[in-house]
Each structure stands twice: as C-alpha cells, then as structure tokens.
Amino acid sequence: MAQSLELLLIQFLMPDNDARRQAEDQIKRLAKDPQVVPALVQHLRTAKTPNVRQLAAVLLRKRITGHWAKLSPQMKQEVKQSLIESITVENSPPVRRASANVVSVVAKYAVPAGEWPDLLTFLFQCSQSAQEDHREVALILFSSLTETIGNTFRPYFADLQALLLKCMQDESSSRVRIAALKAVGSFLEFTSDGDDVVKFRDFIPSILNVARKCIASGEEDVAILAFEIFDELIESPAPLLGDSVKSIVQFSLEVSCNQTLENSTRHQAIQIVSWLAKYKYTSLKKHKLVIPILQVMCPLLAESSDQEDDDDDLATDRAAAEVIDTLAMNLPKHVFPTVFEFSSMYSQSTDLKFREASVTALGVISEGCYDLIKEKLDIILNIVLGALRDPERMVRGAASFALGQFAEYLQPEILSHYQSFLPCVLNAIEDTSEEVKEKSYYALAAFCENMGEEIVAYLDPLMGKLMAALQNSPRNLQETCMSAIGSVAAAAEQAFNPYAGRVLESMKFFMVLTNDEDLRARARSTELVGIVAMSVGRKGMEAILPPFIDAAISGFGLEYSELREYTHGFFSNVAEILDDTFAQYLPRVMPLVFASCNLDDGSAVNIDESDDESVNDFGGVSSDDEAHDEPRIRNISVRTGVLDEKAAATQALGLFALHTKSSFAPYLEESLKIMDKHSGYFHEDVRLQAVTGLKHILAAAHAIFQTHNDGTGKANEILDTVMNIYIKAMAEDDDKEVVAQACLSIADIMKDYGYVAIQNYLQPLVDATLLLLREKAACQQLEDESDDDDDDAGHDEVLMDAVSDLLPAFAKCMGSHFEPVFASFFEPLMKFAKASRPPQDRTMVVASLAEVAQDMGAPIAAYVDRIMPLVLKELGSRHATNRRNAAFCVGELCKNGGETALKYFNDVLRGIYPLFGESETDLGVRDNAAGATARMIVVHPQLVPLNQVLPVLLKGLPLKEDQEESMAVYSCIYSLVLASNPQIVSHVPDLVKIFGQVVESPVEKAEVKAIVGRTFSHLISVYGDQLHPLISGLPPSQANALAAFASTG
C-alpha cells in the first residue's frame, strides 16, 4: 500500500483536476483499511517534498480516529514515535503544525488510556529547548491538546502557567511569544475554575507587550488574538483585570484611533472597550477612564462613510457609537458632560463630518442619559434642529436620526416642544435626500405616537404630506411613511376618522402585493390597517373588515416571516376592537397562530473546522463517514425574523383568549402548552409575550370552566401551571422585563381572583418577592464587580416598580393578615428609600407603603414611626410625583396609624399646606393633598383646626386630575354636613357650587355623585328654600342635575 499511496499523494497535489479527482477517489478507498495508518506515518517521515509530508499528516489526523483502536500496541508505539520525530526533526513549519494536530488527536485516546505517559514530559522538555522551532511547536501542541485532553493538564496547571509566562517574555523569538500567546488563549477557553483563571491576571502586561510588538511589526492578526484573550478575561465573572484595566484601555484606544491599521483590528480594539463598558463599567469609573474613552470615541464618530453600507459591521463610527451608547446606559452622569461638550464644540465645525458626529453623539446617548438631556433640552434641541437645516445631506441625516431617538426616549418632556419639533420634521420629510426622508419619517412616527390630543391641530398638514408621500415615493419610503401614519392614527384616536377611509382604501393596494421586493410594504400596510382599526373602533370597522381579513390571511402563503409577524399584530388589534365577536375568525386564524408558535427555533450554528487541509485545499479527501473529530462551535446566530414572528404569534394567542373567553375553549389546551413552552424559550422577547399571555389564558379558562361540573378543578390545574411559571420566572429568569411582567401578572391575578388564587403558593411567592427586593434574583446579578452604592449602576426602575406593586396586591387580598408577610418585606423595601437613592426609588417606596397602609389597615401602626419621617420629607420634594405619592401616603398613615400617628398630625398639616398654594402647579399633587386632609378630618376631626383647614380644602375643589381621591374627599364633607359641624355651615354656598360641578363631571364615578347627591339632599332638608338662590346661580345643567339628585335623595 505504501508505494501506491505515495503515488496517489503526489498525483493529488497535481494541478490537473481530473488526475486529482481520480487520486482522491482511490485515497478514499484505501483509507478504509487500518493499514493506511502505518503507510501514512511512513510518508510523513520519508516523503521528499514537504507538501506530500503535510498531506500525509492531514490525512492521518482524519483517519487515525477511526483506526486507532484496531492498531497493534507495536504499531501504536511506532505512530507515537514517528510523530515525536516529525515534530523535533521536521524543518517545514506547516508539516510540524500538521504533525502537532495529529498528536492532539492521538492524545485524546492514548493519554486517558495510559498509552502515552511520557507525552507531557516530552512537551515540557521541548518547550525549554534551545531550538526556537522546538519551543514553538511545543506551545502549538499545548494549545491544541487543551481541546482534547485539557483535564490531563490540571495537576500541572501552575507549572504550565509559569512556562507560558516565561515563553511570552522570550525576547529572542517573536514566533515563540506568539505561540505562547495563542496557548494562553486556548487555556483560557478551557479553564472554568475561578482560582485558575485569576492567575492569568499576571499575564496581562506580557500579552500587551506581545500585542504592541505585533502591531509594530504588522502582524495584526496576532494582535487580534490578544484582544480575543482580553475578551475572555473581561467576560469572566472573576475579578481578573484589577489595575491592568488602565493598560488595556490605553492600548485599545491607541489601536482604535490608528487609521493605518486594518478595520478589523481597530474594530476588535473598540470591541474590547465596548465589553468593558458593558461588563466592567465600575472599573472604568474607578480608574477615571470614562472621559479618556469618550475623548477618543466621539471623534471616531466622524469617520463615517459617504456611502451607506448597511452590511459594514466593521465600520469604525458604528463601533464607537456602540461604546458611547453602552457607557451612557451604565454611567449616564459620567458620560453626559463630555458628550455635551463635544456636541456643543463641533456643532458649528467647518468639517461636515464633525458636525454630523456632534448630533449623532446626542442621539446615541439619548436613551441612557435621558434625565440629564431633559434638563438641557432647549439647548440640545436647538443644536439638533439647527443641524436639520444644514446644507450637507449627511448632517441632516444625523439630525433626523437624533430627533427620532429623542422622540423615543425623551418622553414626555419632548412633547412640550411640538411647536418647534413638528414643523421642522414636516419640512424634513420633503428633503431631497431619501436617507433624511426615511429617518424623518421614523422621528415623526416616534414623536406622534405619544402626542395625544395636541396632534389634532396638525392633522391636516401631517396627513396631507404623508398621503402625498405615500402615493409618490419609492417602496422603502412608503414603508416608513406608513409607520408614521400609524403613529398619527394611534395618537389622534377618534379624531383620525376623517382620514381613515382614504388610508384604508390605499392599503387595499398594498395588502395584495406578492412580489418579493414588495412584501415589506405589504407587511407595513397590514400593520397600519390594524392601527387605524383601533382608532376608528368597532362601529366604524366591523362591516368593512372582511376583505382586509381575507387579504391578511392570504399573506401567510407567501413565506415571508415579517409579513406573518405584522399580520399577527393586525389580528391582535382586530380582536381588541371586536372583543367576543372575534370568535367568528378563530377557526381561520388559530391554525396560523399555532403554526408560527411552533416554528423551528431558527438558530443557525456556524462550525469552524478550519485546519491545514482547508488552507491548502486538502478538504476533499478528509471528509467521510469515519471522521469523528469534534468541531468547535464558533458562534450561534439567530434568524431574528422567526423570533419576531414567534413573539407576535404568542402575543396574539394571549389576546385571542382574553377577548373571546368561552369561545376559546377548543384551543385552550394547545395554547397553554405553547405558553408553557415559550415561557422557558431561549429568547426574552418570546418569554415576555408568554408571561403576558398566560394571564389571559387563565381568564379564558375561568370563563370556560365556570359552567362545568368539574370546572373548578380544571381551572385550578391551569392556575397551578401559571403560578408556578410566574414564581420560577421571578427567581430564575435573567431578563428584567420578563420578571417585571411576571410580577405585574401575579398582582393582577391577586386583584382579579383574591387570596384564594395565591393561598397554595404563598410561601414560594413571598420567597421570590424577597429575592427581588434584596436584589438577589437571577435577573439582578450584574456581570460586574459593581459597588453597592453606585447610583449609575442601580436596579432597573421598571423591574422594581413592578416588584413594589406586588406588596399592595398582597395587602388588597389579605387585608390585616398581610402583616406577618409585610414584616419580612419591610426592611428590604426601605433600603430603596435611603437619602442616597434617586428620587424615583424613594417615591416607589412611598407609593407602595401608601397602598399597603390603605388595605392592610390597623397593623400599619407598628411602622408609622419608621415611615413618617421619610414621607414628611418627600412632601417637600422638587419632583411632583414624589409630592403626590407622599400626600397620599400621609393621609393613609394618619387614617390607619392609630395612636402612633396622632403625634404627627401637626407636622403633616404643616407639610401639606404648601401643596394647596399657588406655587404648586401639579393638579394631581393638590388633589392628593385634599384627600390626605379629608382622611385626617374623618378619623380625628378634633385634631384638625377646621376653621383654618376647611377654607383651604374647599378652595381646591372640585378635584381636577386624580379622581381616585374623590370618595375620601366628598365622604368627609358628607360626614361634616351630616353632623352639622358648625365649621362647615358657613361654607354651604361654596359646597353648592362644588357639588354642581361634580354631578355634571364626565370623569367622576357614579358612587361619588351619589354621595354628593346625598349630601346635597341633606342640605335641602336642613335649609330648604334658603338654597334656591344658590341653585339658581348655577348653570342650568348643573342645577338640573342637582335637582334630580335632590328628588331621589
């Protein structure tokens, strides 16, 4: 075989394709025989040309896996000896590396079986050889062996680390330093033990030294390897970097701004800074590195390309923007001043790239630094709106991007600038540049979505321009135009009706497009019809829906994931407006929803099998059924279109259940299975929709089973599934939004079904809530050695608001029995009320305590002394929300705080009084102050100086914004009138005026009007005709409404 094999190896390397193909076929046949191993070993040792020896090694690596067990002990020994000789004697580096790869494969089987005891001894000797080639190949082998027999190295780990560190400092050979660097990378990938990983901290200076020399000598690929090692170190939960973070950042910044280097190298350097910003941001803050990073990254934004290339993932400006964005999200206070200074300085630059960068930077930080931007919004908006009028297209494009970001993240403050914002954006959608138009449509859509009734005055110019653009623009602009129209419709609500017909008629054209290039537009149009339907409502849409339903369903046959995603959203909206009559469409839409929910996950794994044979085109002969090498999984990529479709379908499933209730019965079981499965899905978007939808499935189950004999049992089974999923998510899910939704859903279940819904889950639910309050749940574990008192790196506000909503829900369904549970929650909750915490934390605590006091009742007395100082201080907060919640809370504490609260009455009255004054501009604060005053009067009228308090209270009536306080206020007045309190008598004329407004109010509840009516009737019975002049002085509608109450009272 040896002789024929040698000829075939030579023939395989010929340029003649036919000869090569024949050789490949014959080699494959021979390779099935175990005797191919000694034949290949012989050629590895004796073939005259390096190419043949290398090919022999490559084939041997592939074949030896399947044949090793069949070889005799003598042959195994010969193979091992030949490989060692090839490594030590071979002059050709590619052949040595190929032989080293064979050693790695053989070692995988031989070392664990005790068949190669002297391998490690040989490698250690080789690594300290005087010959550079030997040291290099030993390190190469150490690298490859970690993948196959890494555990064998564990007893020698300290010796190996010392060896690698020594080799990295080998000044006599760059090849050895580079091989050592690669070996460090391999060992880091293999090492999971924290103590072992920490030892790599000592390597950082040497890694930096090797990387610098490689950059200087043009070996950028090796420098990239150094960055990959830093990546591993950064992502490790162990505190590996220490003071070295300064050196890493300095080197990364040097490479980032070196325009002579390849984009890929610079991108890797910027990526390291990005990872540090994401995982080690407190280290950046501690070492005062944030400003130096921004001073490099902000100018890098000016390296934008004149050509739009959406596929250029290595673009320097995009990578720099990611760093700035990440820093802004994690350290907003440290980022904003530098970026604001940069933008202010360069907004008037003569260099258009820097003018562009100045507004891009503001857009990039708008999500993270939203609170700080809001404080300077006038100045910043002036910069961006000025840039929108710049003569250069790129600057205008950046400005329209920034405005879109502002519209999305600076709510609601940005809305107060609509008089300057909207005219500028309306002009921009007629820009000569399609890029500016597209981004301006996005800005318009994001802005209008939240406008509300203020948009009505702009509807005519808005819809005139948008409809004209819809008719005359290319497809991509028509898509963004439709998105903007959708936002306008959502904001305008019923006021959109005059425009709805024309929009819906236009959408009929788009909803039947079938060409691939038109399917995005079809998806957008389907979405838009659903939004318009929500604005128009059931009455205006029900009769005209069928053709739109048909078109939407037909789109499922076009195999376009985004269209299916938007169509699920369309059906969700239709279900919301039709409510129970949507049941007629369930037989047609449920199979479509189930199909999307059950789609393949869509994850695509890219496997890296790169080796010598791929480099030298030896791939053909090395791939067959007997090759068992385990490839490395390099990365997992996800087809996000499928994910979005799954998420939309999961959302639709829940909404269909919510709105069709008992008609959903045929689909309940399958839907619950899907929701259960999706609650543990790998992507948080799908989990979020499942966690939201499970509550709707539960509502449908209750409607379905309430008429069944065994319905309670079946409903309880579903409740059991739902509650267990929610409690598990609270403790174990790593996404804060998913956990927040689980908390809100449990709170809703408690409100809807009472204590019976949670009694079997009380202890695990309490434990999960405590975990979140103590910030120990999975979603709260930051991958950073963050400081506990770091204001920037605090908890997620949305998450903790949801957690704090659980406490009132407990109190509502448990009443005074909540006290033992509340006792365990109290201290962890109060941690968020420390003076060092941001205002939104403190008001979250106060709001939660207020509602607990309201529903738990008398047991709150035990906590009054701890709570009251906090709440009295919050009454003077500069934030309206804080004052509002504090006013509500002091009222409930005084009402339910028993004897303990009495000593605080005067302090409370002093604290509340300014909230009625002219300086208080927030109507909700005034209303809550009125509610608090009323509660104090009802519970202890003798402690309230009514002669001073009543004129102030009545002056603030009727309530203007927070009608939740109405019952407390008007019940108080009723009790005073009924008791003929002398202090109220002089105010009867004021009361009549107030009552007239209340009974006519469209926002006051019937029960409030009833108590006012009873009070008025009592006044009539006491004062009779004396009230007629007062009544006649009212507007006729109010007088008539009061008269009606008097006649029924």
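Modeller: Helices here are DSSP runs of H or I with at least four residues, and strands are runs of E with at least two, numbered from the N terminus. The model is predicted, so local features need pLDDT of at least 70, side-chain atom pairs count only at pLDDT 80 or more, and totals for chains, interfaces and linings use all residues. Residues are numbered from 1 along each chain as its sequence is written, and side-chain values use heavy atoms, with hydrogens and water left out.

Colleague: Where is P958 found?

Modeller: P958 lies in the loop between α49 (946-955) and α50 (966-978). A cis peptide bond with omega of about 0° joins L957 to P958.

Colleague: What joins Q411 and P412?

Modeller: A cis peptide bond, with omega about -5°. P412 sits in the loop between α23 (393-409) and α24 (418-428). Most peptide bonds are trans.

Colleague: Why does K288 count as exposed?

Modeller: Buried means under 20% relative accessible area, exposed over 50%, and partly exposed in between (1.4 Å probe, protein chains only). K288 has 67% relative accessibility, so K288 counts as exposed. Phi of K288 is near 55°, a positive value in a residue other than glycine.

Colleague: Why is D579 called partly exposed?

Modeller: Because its relative accessible area is 33%, which falls between the 20% and 50% limits. D579 is placed in the loop between α32 (561-578) and α33 (586-597), and its phi is also near 55°.

Colleague: How is D685 classed, and why?

Modeller: D685 counts as partly exposed because its relative accessibility is 36%. The residue belongs to helix α37 (residues 684-705).
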